[in-house]
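I opened a new notebook page for this protein. My plan is to look things up one at a time and write down what I find.

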Amino acid sequence: MSSMKRKENHTLVSEFVFQGFSSFHEHQLTLFVVFLALYILTLAGNVIIVTIISLDRHLHTPMYFFLCMLSASETVYTLVIIPRMLCNLRGARQPISLAGCATQMFFFITLAINNCFLLTAMGYDRYVAICNPLRYTIIMSKRVCFQLVGGACSIGLIVAMTQVSAVFRLPFCASKVAHFFCDIRPVMKLSCIDTTVNEILTLIISVLVILIPMGLVFISYILIISTILKIASAEGRKKAFATCASHITVVIVHYGCASIAYLKPKSENTRDEDQLISVTYTVITPLLNPVIYTLRNKEVKNALCRAIGQKLS
């Protein structure tokens, strides 16, 4: 079956091919090995975090519930993008249908936005724990935690449906996606018609789903820091800061990469620079979550040691 159809003087495309890292042709094997290693570490790290939190009753708290949800979301997020990218790096450049591309974009947007708002929920949890500790268990009840996770997922689903339906209403005349997955801007560039309205919609949504949660986390940390500075003992201040260190590190990297990728002017970076930024938030950021929370977080490390100790005994 031909991948082209004639309609209204346009040659319309029914499938796409990812160009991926074609400009790094001589380094394809190296990139494959590096990305495969990072992918395995990401999957292993996130699965360990979900398993440890699920099994260890000491970690059955709102903070670790959100971390468990974030790790599960990050795991699915990488599964949506990285396996096909690895296949393309090994030379198996299989075309992807429009329906397949729309599906990948839908899950990518849903999970990316879900992750943004989960980090916001984690920031709110830290705010309540430090600024209102006596009412923490009442405010951060199971019901509230499930509502926050449900809200994060719902926002992701609504935005994904809006974006995907807007992008795939466009007619496409070119089939080569200058990227390694179906991201919004590279796919829109293949349209036969002017996409200014779509670009404005994408920018508005990006501003809302990046700057609003980022602003809420920023406000949470201003209130957290002002409360911590009022703690009389140096040991108390150190302990309070330690509970937030892992989260704020992940937040800076996550929102930083998202802002660079989606809030910059569309022609500012070259294709290679865009792909490098994309690698950061699709390959490296999901790995940071388990690395930071297992290396920097004493409670997770202790839970891991307990689990290993039980296995050995």
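Entry 1: terms and ground rules. Helices (H or I, at least four residues) and strands (E, at least two) are DSSP runs, numbered from the N terminus. I am working with a predicted model, where local features need pLDDT of at least 70 and side-chain atom pairs count only at pLDDT 80 or more, while totals for chains, interfaces and linings use all residues. Residues are numbered from 1 along each chain as its sequence is written, and side-chain values use heavy atoms, with hydrogens and water left out.

Entry 2: helix α3. I looked up α3, which covers residues 98-131 and has 34 residues. From its first C-alpha to its last it reaches 49 Å. That is close to the expected 50 Å at 1.5 Å a residue. The expected span is 1.5 Å times one less than the number of residues. Next I checked burial (buried means under 20% relative accessible area, exposed over 50%, partly exposed in between, with a 1.4 Å probe and protein chains only). In α3, 24 of the 34 residues are buried, so the helix is largely enclosed by the rest of the structure.

Entry 3: the UniProt record. Which residues does the annotation "transmembrane region" cover? The unreviewed entry lists 29-52, 64-86, 106-124, 144-168, 200-229, 241-263 and 275-295. I noted that UniProt positions are given in the numbering used here, that feature names are shortened, and that annotations may be inferred rather than shown by experiment. I then checked two of these ranges in the model. Residues 144-168 are 96% helix and 0% strand, with end C-alpha atoms 36 Å apart. Residues 200-229 are 97% helix and 0% strand, and there the end C-alpha atoms are 42 Å apart.

Entry 4: cavities. Rolling a probe the size of a water molecule over the atoms shows where empty space is left. The search uses a 1 Å grid over the protein atoms alone. A cavity is a set of points where a 1.4 Å probe fits but cannot get out. A pocket is an open set with protein on both sides within 12 Å along at least five of seven lines. Lining residues have an atom within 4 Å of a point. Grid points are joined across faces, edges and corners, and a volume is the space filled by probe spheres set on the points.

How many cavities of 30 Å³ or more are there? I count three. The largest cavity holds about 270 Å³ of space. It is lined by 18 residues, and the closest to its centre are F108, A112, I113, I210 and Y262. The elements giving two or more residues to this lining are α3, α5 (142-167), α7 (196-228), α8 (234-262) and α9 (271-295). α3 gives the most, with five residues.

I sorted the lining by class. Ala, Val, Leu, Ile, Met, Phe, Trp, Tyr, Cys and Pro count as nonpolar, Asp, Glu, Lys and Arg as charged, and the others, Gly among them, as polar. The lining of the largest cavity has 14 nonpolar, four polar and no charged residues.

Entry 5: the largest pocket. Its volume is about 740 Å³. I found 21 lining residues, with R126, K239, A242, T243 and E299 nearest the centre. α2 (62-89), α3, α8 and α10 (298-312) each supply at least two residues of the lining. Which helix gives the most? It is α8, with nine residues. By class, the pocket lining has ten nonpolar, four polar and seven charged residues.

Entry 6: the sheet. Two strands pair if DSSP finds at least two bridges between them. An open sheet of three strands has the order β4-β3-β5, with mixed pairing. β4 and β5 are the edge strands, each pairing on one side only. β3 (residues 15-18) and β4 (residues 96-97) pair in the antiparallel sense over two bridges. E15 has S97 as its bridge partner in β4. β3 and β5 (residues 176-177) run parallel, joined by two bridges. Here F18 stands opposite V177.

Entry 7: single residues. V159 is in helix α5. It is buried, with a relative accessible area of 12%. K264 sits in the loop between α8 and α9. Is K264 buried or exposed? At 10% relative accessibility, K264 counts as buried.
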